[in-house]
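Reader: I have a structure open here and want to go through it with you. Can we start with the terms and then move to the contacts?

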Amino acid sequence: MADIESTCASLRAQILATEAQLDGLKRDLANAEKASKSRASPAADEHKEQNDNHEGRRWPLLPEEYRRYGRQMIVSQVGLEGDCLVSGKEAKTTRQLKLRSAKVLLVGAGGLGCPAAQYLAGAGVGTIGLIDGDTVESSNLHRQVLHRTKNVGKYKVDSAIESLQELNPHPTYIPHRTHLTPDEAPTIFENYDYILDCTDNPATRYLISDTAVLLGKTLVSASALRTEGQLMVLNNPPQPAGDPEGGPCYRCVFPKPPPADSVVSCADGGIMGPVVGTMGVLQALEAIKVITAPYPIKAAAGIPAPARESPSLLIFSAYSNPQFRSIRLRSRRSNCAVCSANATVTLNTIMSGSTDYVFFCGSASLPSLLGPEERISPEEYRQKHPGSAAGRGSTMIDVREKAQFGICNLVNSINIPISNILASSSKKSQGQESDQPPELPSWIPPEVANSESDDPIYVVCRLGNDSQIAVKRLKELGLDRDGRRYIGDIRGGFRAWREQVDPDWPQY
Amino acid sequence: MADSTNGNSAATISITVEFTGGLEILFSNEREHTITLPARLSDGSQPTISYLLQHLVEHVMKDDRKGLFIMEDNVRPGILVLINDADWELEGEENYELQQGDNIVFVSTLHGG
């Protein structure tokens with residue numbers, strides 16, 4: 001009997017303790033919700049926050065914030081007192097508050113944007129905006145570390161914010177589910193203090209830089225491809241156009257865009273996750289450095305900005321030694337179209353469309369090089385040459401790069417990477433008599449070069465562009481024997497092959 | 001003899017040239033090249049970056065796609081030229097006179113992200 005009574009007493013005590021704990025949790029939650037609301041609408045609640053910070057509380061940060069950010073706050077570069085704008089007034093306080101009052105916009109929620117946002121959120125940047133019109137794809141997941149497999153198909157900004165909220169519920173996250181367009185860029189940028197360029201194409205990079213300069217925002221710009229990355233802090237300090245003390249902008253460094261056909265995307269060139277991740281993390285670091293810099297962000301009129309690090313370009317190359325290299329960059333260009341006294345680009349020309357970024361950067365032209373009789377669809381090919389292997393009664397040349405050929409290839413197909421074809425001189429016979437047969441370049445394998453056969457040659461690639469270039473080159477070299485031997489390409493490449501002939505073909 | 005103009009072996013300078021950002025593909029997939037140039041050109045002047053560009057295109061670059069490296073006798077837009085780790089615009093651009101041991105880097109801008 002005594003046993004049962006003591007069990008009951010113990011249970012009653014446990015219930016009481018648990019109820020007390022529950023009450024405590026509810027109180028904590030109410031406080032946290034109040035705090036997060038007052039941060040969600042900063043304009044309306046500035047006054048309230050000030051009360052919270054200075055009247056209701058002894059310390060400027062919440063207890064949870066001290067615990068959360070303590071490890072970075074004991075680093076002097078972040079924790080030391082500095083001049084901060086607190087509720088519109090300058091005050092000397094911990095620079096952690098600078099992070100909390102900072103509003104940072106990340107353009108792009110992909111390979112750069114994900115790690116950058118992750119570290120900025122972790123560090124306690126108060127307002128983080130993300131702009132991206134894309135949805136999550138499986139091929140993003142190896143590097144875009146905020147997105148989860150279950151979120152494939154969801155807007156990247158929503159997927160990212162979901163992860164960020166789990167990481168740190170304190171900041172305000174603002175999703176912009178759209179691609180950045182010139183007519184909207186100034187309105188969106190206006191609400192932020194700092195801009196991170198985490199995009200993937202030149203036209204958007206110029207748009208971001210121009211808008212950031214004209215609105216006086218410092219810009220942290222990064223890019224990556226394959227095994228390399230680049231990083232620049234631009235418009236730092238963000239002096240008005242015409243002030244040579246301001247930092248150079250993207251146009252100062254690259255006044256003219258690269259030819260469109262020299263621009264390679266991650267989808268075409270490939271990208272290693274940790275490479276682009278490194279660059280995104282470095283962007284977050286540079287942003288934190290700029291935000292917590294120990295001098296006023298904007299130099300007051302008449303007072304020169306304190307000397308800063310000279311502008312530089314950081315180059316990362318995963319397979320080089322050393323991996324990192326910092327290059328001194330020029331200062332502002334005196335004839336820059338945006339940040340000089342002779343500027344021609346203004347917010348008006350951007351928003352009205354008279355500064356035309358698509359025209360400025362051009363678009364890679366992929367004209368059909370071959371006539372319809374030189375092309376064959378995967379389906380037609382399969383009808384002409386049934387059976388799973390290539391090579392019976394015809395030759396199949398696969399011009400994808402070696403690494404791609406290694407992923408999947410047709411049995412009996414011959415791999416001649418397009419880079420080998422393009423890299424060799426097209427001059428046929430240097431210094432030879434014209435009556436001699438032209439010497440074939442070394443990239444043509446002997447079984448093709450020495451063949452007496454008139455069996456057709458088919459050329460295939462990933463999407464059906466490189467294959468056309470290769471067909472043209474093979475014909476220029478005379479392998480079609482004045483038309484006796486058919487040379488053509490598989491229209492649409494292996495993407496079409498997968499759709500029309502072999503649904504099991506790996507889609508990479 | 002202090003005068004090095006005697007003999008039949010003309011004085012030369014040696015520099016290193018590096019290609020990154022994908023440009024190495026145009027140069028036999030080699031990132032680093034050691035280039036030997038005459039210390040004095042036939043007109044008595046020193047070789048400049050302009051001269052180096054011409055030399056690279058004529059003697060080092062085997063790839064046909066010259067337009068991915070030069071346009072209108074200068075590097076194409078989107079390529080930064082670095083002279084001893086500084087933007088060439090700090091050093092006089094294509095008129096910079098090459099010195100023994102210089103390190104010249106050609107960087108193609110990346111756009112992926």
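Author: One term to begin with: a residue is buried under 20% relative accessible area, exposed over 50%, and partly exposed in between. This is a predicted model. As an example, Arg177(A) has a relative accessible area of 44%, so Arg177(A) is partly exposed.

Reader: Which residue forms a salt bridge with Arg177(A)?

Author: Asp158(A) does, with the closest N and O atoms 2.8 Å apart. Asp158(A) lies in helix H7 of chain A and Arg177(A) in the loop between strand S5 (172-176) and helix H8 (185-189), so the pair ties together parts that are 19 residues apart in sequence.

Reader: And what does Glu162(A) meet in a salt bridge?

Author: The side chain of Lys150(A), at 3.1 Å from N to O. Glu162(A) is in helix H7 of chain A and Lys150(A) in the loop between S4 and H7, so this pair links parts 12 residues apart in sequence. Lys150(A) counts as exposed because its relative accessibility is 63%, while Glu162(A), at 22%, counts as partly exposed.

Reader: What about Glu476(A) and Arg473(A)?

Author: Their side chains form a salt bridge with an N to O distance of 3.7 Å. The two are three residues apart in helix H19 (residues 466-476) of chain A, so about one helical turn separates them. Arg473(A) is buried, with a relative accessible area of 12%, and Glu476(A) is partly exposed at 40%.

Reader: Which residues are joined into one network by salt bridges that share partners?

Author: Lys150(A), Lys154(A) and Glu162(A). Over all chains the count comes to 20 salt bridges.

Reader: Changing topic. Which residues does the UniProt "binding site" annotation cover?

Author: The entry is unreviewed, and its annotation includes Asp132(A), Asn140(A), His142(A) and Lys156(A).

Reader: Is Lys156(A) buried or exposed?

Author: Buried, because its relative accessibility is 6%. Lys156(A) lies in helix H7 of chain A. Among the residues it touches beyond four places in sequence are Asp132(A), Asp134(A), Asn140(A) and His147(A).

Reader: Where does His142(A) lie?

Author: In the loop between strand S4 (127-131) and helix H7 (156-167) of chain A. At 47% relative accessibility, His142(A) counts as partly exposed. Leaving out residues up to four places away, His142(A) touches Ile271(A), Met272(A) and Gly273(A).

Reader: How many residues are in the largest nonpolar core?

Author: There are 46, and those that touch the most other members include Val104(A), Leu106(A), Leu120(A) and Met279(A). Helix H12 (residues 273-291) of chain A gives the most to this core, with nine residues. A second, separate core has 39 residues, including Ile131(A), Cys249(A), Leu329(A) and Tyr357(A).

Reader: Now the interface. How much do chain B and chain A bury between them?

Author: About 3,000 Å², 53% of it on carbon and sulfur atoms. In chain B, Leu110(B), His111(B) and Gly113(B) lose the most area to chain A, together 25% of what that side buries. In contact terms, 32 residues of chain B meet 47 residues of chain A.

Reader: How many salt bridges are across the interface?

Author: Five. One of the pairs is Glu89(B) with Arg333(A), whose closest N and O atoms are 2.9 Å apart. There are also 16 residue pairs in polar contact between the two chains.

Reader: Which element gives the most to the side of chain B that touches chain A?

Author: S7(B), with four residues.

Definitions and conventions:
Residues numbered from 1 in each chain as written. Chains lettered and ligands numbered in written order. Predicted model: local features only at pLDDT ≥ 70, side-chain atom pairs only at ≥ 80, totals over all residues. Heavy atoms only, no water. Core = buried A, V, L, I, M, F, W, Y, C linked by side-chain atoms within 4.5 Å. Buried < 20%, exposed > 50% of the residue type's maximum accessible area, 1.4 Å probe, protein only. UniProt positions renumbered as here; feature names shortened; annotations may be inferred. Contact = heavy atoms within 4.5 Å. Buried area = accessible area lost by both parts, 1.4 Å probe. Salt bridge = Lys/Arg side-chain N within 4 Å of Asp/Glu carboxyl O. Polar contact = N/O pair within 3.5 Å; in protein donor to acceptor, adjacent residues only side chain to side chain.
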